[in-house]
Amino acid sequence: MSNRESWLALLAPLPAEDGEWHQETWTDPALAGWTQVRLVLGNGVTGLRVLTAMFDPEGRPGSVRDLVSRDCGRHQETAGGRIEPDGRLHATYWLTEGEQHTPRALTAQEEEGLRRLAAALRERCKPC
C-alpha cells in the first residue's frame, strides 16, 4: 500500500483533504436534528473506504462505522456500532470474504479507533 493510500485500512487516520463528503440533517420526527455525515474514499476498484457517523443535535456521536472494501467488494472489513451517551460503545467487527461473514467483538484498541474516527468526522462537520 502506497503512502498515498495509507487511509485504505480499517480505523486508519483520515486523509486531510481527500474524499467525497456528504452531510445531512434529519427532519424525520424520530431523528429530528440529528446529522449524518459520510466520507467516501477511493474508487471502488483498487479499494473503497466509507466512514459514516450520526451526531445528535448537541454534536455528540450516536453511531460510527468504518468500512473498507477491496477486490471489487469480495473482501470487506467493517467496524461500527452505537455510542451511548455515557461513552460506552456497542460495536462489532465484521470480516466478509466472498459469501462468508465473520463477526467478532471489538478489541479495546479498535473501540478507541472508532472513537477517534467519530471525533475526526465531527471536526469536519460544519455545523454539526
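Author: We can begin with the surface. In this predicted model, the accessible surface of the protein comes to about 7500 Å². The part of that surface belonging to carbon and sulfur atoms is 51%.

Reader: What share of the 128 residues is buried?

Author: Buried here means under 20% relative accessible area. By that cut-off, the buried share of the 128 residues is 38%.

Reader: Which residues touch the most other members of the largest nonpolar core?

Author: That core has 24 residues. Among the elements that give two or more residues to it are strand 2 (35-42), strand 3 (48-55) and helix 1 (108-124). Helix 1 supplies the largest share, four residues. The residues that touch the most other members are Leu51, Leu106, Leu114 and Leu121.

Reader: How wide an arc do the buried residues of helix 1 cover around the axis?

Author: The buried residues of helix 1 are Glu110, Gly113, Leu114, Leu117, Ala118 and Leu121. They lie on the same side of helix 1 because the arc they cover around the axis is only 140°.

Reader: Which exposed residues does the face of helix 1 turned away from its buried side carry?

Author: Exposed means over 50% relative accessible area. On the face of helix 1 turned away from its buried side, the exposed residues are Ala108, Gln109 and Glu123.

Notes
Residues are numbered from 1 along each chain as its sequence is written. This is a predicted model: local features need pLDDT of at least 70, side-chain atom pairs count only at pLDDT 80 or more; totals for chains, interfaces and linings use all residues. Side-chain values use heavy atoms; hydrogens and water are left out. A nonpolar core is a set of buried Ala, Val, Leu, Ile, Met, Phe, Trp, Tyr and Cys residues joined through side-chain atoms within 4.5 Å. Buried means under 20% relative accessible area, exposed over 50%, partly exposed in between (1.4 Å probe, protein chains only). The arc is that of the directions from the helix axis to the C-beta atoms. Accessible areas come from the Shrake-Rupley method with a 1.4 Å probe; for residues, only the protein chains shown count as cover.
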